[in-house]
Each structure stands twice: as structure tokens, then as C-alpha cells.
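Let's take a walk through the inside of a protein. Keep the picture open as you read, and look for each residue when its name comes up.

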Amino acid sequence: MNKAKMKKLLWAIVKYVTLVFGAFVSVLPVVVCVITAFKSPEEYAETNVMTLPKSWTYFENFVQAWKQANMALAFRNSIIILICVLFFSILTGSMLAYILNRFKFPGNGLIRNLFLFASLLPGIAMQVSVYQIMYSLGWINSLFGYIVLMCGTDVISIYIFIQFFENISVSLDEAAIMDGCTYFGVFFRILLPLLKPAIITVMILKGVGVYNEYYMANLYLQNKNQFVTVATSLFKFTGPLGNQYNYICAGVILTMLPALIVFILCQKQIYGGLAQGAVKG
């Protein structure tokens, strides 16, 4: 075997070993979570996390997690938040991208640069002023206020829409306007249907973030009996005397199931949207 083939073989070994190791690191927490979810409190206390449960039909943890964490209400609130946030975020983000891409006016470049600058600021650094605004408006412990907050401008989504608009010929706009169509008609009747791949991409990025969002949900929805979400519901199993990880793991699996089902049913559209709506360099 010559030197070139040996180098190629070594590179292939390193590549596949790295991929296997990365997959192992990614899957290990899920495996531990599944194992722990089927253990009774006594069994969890007496065994380590990698010891398989004595019975895979022990569903009491799931029942207790569903009841004690009030997960029915949590799923309802999260679905309402998710639908509203995705609808208004996609609508405002695509319309803003349409304006910035199709209309050249003084300050266009400045606005784009300000959006880029805003994306570099850590969100935690602005929470003091944001909390004061939310408190002044009376939107603490308000599902409406939290939805408005989460509908805030998503810079990544705007740039995805802008990049996709650049691949759509301006002649479509001009032809529609010559036929008497208004700018709103051009956007809603012609351009918006063509944005389907970009919309799917934005829905994935924004939806995953909103569904898993914990910090702001815990900060602004302080009444956990009424405004609990999927991300904050499992907080009931933590406390100063210890954490009930068998219930937490069961609840985590319950929260993963809807996302897993959506992915399995819509994976063709998701992969297609990510491929066609991705930002090109």
C-alpha cells in the first residue's frame, strides 16, 4: 500500500471514529433518560444510571409526571404560544425582508447593519430593560405579553427571507404591478407562496427555540399553576431537598414525543425546506 492510500485510509478511520463518537455523545443523554424513566424511585436510588430497569412496563413515572406537572395545561399553553409566535413572526419577518430587499431607500443598509449588530448582543444583557418594559405594560404573568415578547424580531429569519427574495426575479413584481396589482397584492398573492421553503426553515428554527424556551418563560410567566409551559412544567420536581429525576426523565420523554411525531410525519418537507431555504454564501 502506497503512502497516498495509507493517508486516505487513516483519514477515513479518523472521520468515522469522530462521527461515531459524536453520535454516541449525542444519544447517550437520551438513552440515560429513557432508562431512568422506567425505574421506580426505590430502584433509581439503588442503581446507577446505566443499569437497565427491572421492568419496561413501569409507567407510573409517566402518570405522575403528567398529573403533578400539569402537563395537559402546559401543552395547551405551549401550542397556543407556538402557533401565535410562528404566525406573526413569519408574517412580520417576511414583510420586513420584502421591504428591505425590494425597496431601495436612504437608510436601507443602516437598518440591515443595525439588525446584524442587535444579533451580536447577548439577550441576557437586555433583560433588565425588557423586564421594566413588560412590568410597565402589565404583561408580567400574561400569556399575551409573553407571546408579544417572543414575536420579537428574529434577525436570522429576516436574513433567510432576504436571501430567498434575492433569488426571485423582480420582473414578477413589475409584471404584477403593470397589471394593476398593489404592493400588498404582489406580496401576498405572488411572492409569499414562493417563500414556502424559507417559511419551513424559519418555522423549524423559530419553533424549536420557542418550544424549548425556558429562561423567559420562567421569568415572565411566574404563576406556574396557570401559565405553565412545557419547558417550565418539570420544574415542580426540583427542590432544595433534591430532584426527582425519574419523574423528570419521564416528563422529558413526554415533551419529546410531539416533536418526534411531527418530524417523522413531515421529515420530507423539513429536509426539502432546509435545503432550499438555507442561506447561501
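Predicted model: local features only at pLDDT ≥ 70, side-chain atom pairs only at ≥ 80, totals over all residues.

The volume of the largest cavity comes to about 70 Å³. What lines the largest cavity? You'll find S78, I81, L82, Y146, V210, Y211, E213, A217 and T229 there.

Two elements, helix 4 and helix 11, each give two or more residues to the lining of the largest cavity. Helix 4 has the largest share of that lining, with 3 residues. Sort the lining of the largest cavity by type and you get 6 nonpolar, 2 polar and 1 charged.

## An open space

Next up is the largest pocket, with about 950 Å³ of space in it. It has 26 lining residues, and L82, G207, V208, A259 and V262 are the closest to its centre.

Which helices supply at least two residues each to the lining of the largest pocket? They are helix 4, helix 11, helix 13 (230-233) and helix 14 (245-277). Helix 14 takes the largest share of this lining, with 10 residues. As for residue types, the lining of the largest pocket splits into 21 nonpolar and 5 polar, with no charged ones.

Now zoom in on I168. Leaving aside residues up to four places away in sequence, I168 touches R102, L191, L194 and L195.

## One salt bridge

How many salt bridges does a search of the whole structure find? The count is 1. The partners are D173 and R102, whose side chains meet with an N to O distance of 2.9 Å. D173 sits in helix 9 (residues 170-178) and R102 in helix 4, so this pair ties together parts that are 71 residues apart in sequence.

Are these two partners buried or exposed? Buried means under 20% relative accessible area. D173 counts as buried because its relative accessibility is 6%. R102 has a relative accessible area of 15%, so R102 is buried too.

N70 has a phi near 55 degrees, which is a positive value in a residue other than glycine. With 27% relative accessibility, N70 counts as partly exposed.

N141 isn't a glycine either, yet N141 has a positive phi of about 60 degrees. Look for N141 in the loop between helix 6 (127-136) and helix 7 (143-150). N141 counts as partly exposed, at 29% relative accessibility.

Technical notes:
Residues numbered from 1 in each chain as written. Heavy atoms only, no water. Contact = heavy atoms within 4.5 Å. 1 Å grid on protein atoms, 1.4 Å probe; cavity = no way out; pocket = protein on both sides within 12 Å on 5 of 7 lines; lining within 4 Å. Points joined across faces, edges and corners; volume = space filled by probe spheres on them. Helix = DSSP H or I, 4+ residues; strand = E, 2+ residues; numbered from the N terminus. Nonpolar A, V, L, I, M, F, W, Y, C, P; charged D, E, K, R; others polar. Salt bridge = Lys/Arg side-chain N within 4 Å of Asp/Glu carboxyl O. Buried < 20%, exposed > 50% of the residue type's maximum accessible area, 1.4 Å probe, protein only.
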